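Dear colleague,

I am handing over the structure below, together with my notes on what I found in it. Please read the notes with the model open beside you.

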Amino acid sequence: MFFEILTLFPGMFDGVFSDSIIKRAIDKGLVSIRLINFRDFTEDKHRTVDDAPYGGDPGMLLMPEPLSKAIGASRAHLADTSPKVVCLSAQGETLTHAMAESLARERSLILVCGRYKGMDQRVIDKYVDREISVGDYVLSGGEIPAMILVDAITRLIPGVLGNRESAGRDSFFNGLLSPPQYTRPEVFEDIRVPEILLSGHHENIGKWQKEQAEKLTRERRPDLWEEYIKKLKVDS
Ligand code: 4F9
């Protein structure tokens with residue numbers, strides 16, 4: 001997967017991409033990440049990227065020209081992989097695991113990180129295929145959401161995770177939250193690991209874990225629970 005990330009703050013990504021699973025995916029040649037500062041696509045002396053919005057609202061907007069030029073350059077760079085352009089913004093559809101799965105099937109993605117009050121709508125209309133939000137809260141820009149998206153997608157690329165950390169049993173893979181989990185010691189601060197997990201009876205353990213996952217999801221995430229029930233009914 002080729003990621004090209006268009007941002008005013010490329011330095012924010014350094015630590016996130018230079019450790020752990022993303023670093024390993026890059027080292028294995030499964031993922032390639034290029035950071036592009038779209039300020040480099042300005043042509044005035046002050047390298048201006050923002051301007052006041054029409055309509056008189058307070059705050060500043062990203063002006064269209066530097067962004068459209070940067071997107072054009074990335075598109076040309078990735079031309080043989082038909083890149084999708086994704087903008088990270090609070091106006092986007094909320095990221096789900098299913099969306100990450102569908103994006104992981106693309107060959108390349110251009111991620112545009114908004115700043116200030118957002119970007120000129122004409123850039124979105126003309127060049128952006130998909131607007132994605134990572135949740136209903138205001139952030140200072142699209143950089144952290146872009147890191148979240150790269151992480152969620154990279155984990156799903158075949159060969160990135162080893163068997164031991166395989167994505168197959170993660171939370172959400174079956175639409176449920178993960179059940180509670182325990183490691184050694186058997187007793188920690190007077191609390192015992194649930195007896196069933198020590199039984200060695202894999203079928204009963206699986207049943208218990210499923211019950212726990214269902215209980216947790218029902219109590220905590222009625223939205224996920226409703227989807228899960230719907231899917232059970234369709235499948236049966
Ligand atoms: C982007 C919030 C994606 C949530 C970008 C301010 C944002 C955001 N998900 N908020 N700029």
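R192 is partly exposed, with a relative accessible area of 43%, where buried means under 20% relative accessible area, exposed means over 50%, and partly exposed lies in between, computed with a 1.4 Å probe and counting protein chains only. Its side chain meets that of E186 in a salt bridge at 3.0 Å, N to O, the term standing for a side-chain nitrogen of Lys or Arg within 4 Å of a carboxyl oxygen of Asp or Glu. E186 is likewise partly exposed, at a relative accessible area of 43%, and a network of salt bridges links E186, R192 and E195.

Before going further, please note that this is a predicted model, in which local features need pLDDT of at least 70 and side-chain atom pairs count only at pLDDT 80 or more, whereas totals for chains, interfaces and linings use all residues. Residues are numbered from 1 along each chain as its sequence is written, and side-chain values use heavy atoms, with hydrogens and water left out.

As for the overall picture, the secondary structure of the protein comes to 8 helices and 9 strands; these are DSSP runs numbered from the N terminus, with helices (H or I) of at least four residues and strands (E) of at least two. The C-alpha trace spans about 70 × 40 × 40 Å along its principal axes, and 36% of the 236 residues count as buried.

The count of salt bridges comes to 16. One of them joins E165 to R24, with the closest N and O atoms 2.5 Å apart. This pair links distant parts of the chain, since E165 sits in the loop between α6 and β8 (187-188) and R24 in helix α2 (residues 20-27), 141 residues apart. Both partners are partly exposed, E165 with a relative accessible area of 29% and R24 at 34% relative accessibility. The salt bridge between the side chains of E219 and K215 (3.4 Å, N to O) is a local one by comparison of position: the two residues are 4 apart in helix α7 (residues 202-220), and therefore separated by about one helical turn. Here E219 counts as exposed, at 54% relative accessibility, while K215 counts as partly exposed, at 42%.

A polar side-chain atom of S133 lies 3.5 Å from a nitrogen atom of the ligand, a polar backbone atom of V134 is 2.9 Å from a ligand nitrogen, and a backbone N or O atom of L139 lies 3.2 Å from a nitrogen atom of the ligand. Taken alone, the ligand exposes 290 Å², of which the protein buries 92%; accessible areas come from the Shrake-Rupley method with a 1.4 Å probe.

With kind regards

Technical notes. Polar contact = N/O pair within 3.5 Å; in protein donor to acceptor, adjacent residues only side chain to side chain.
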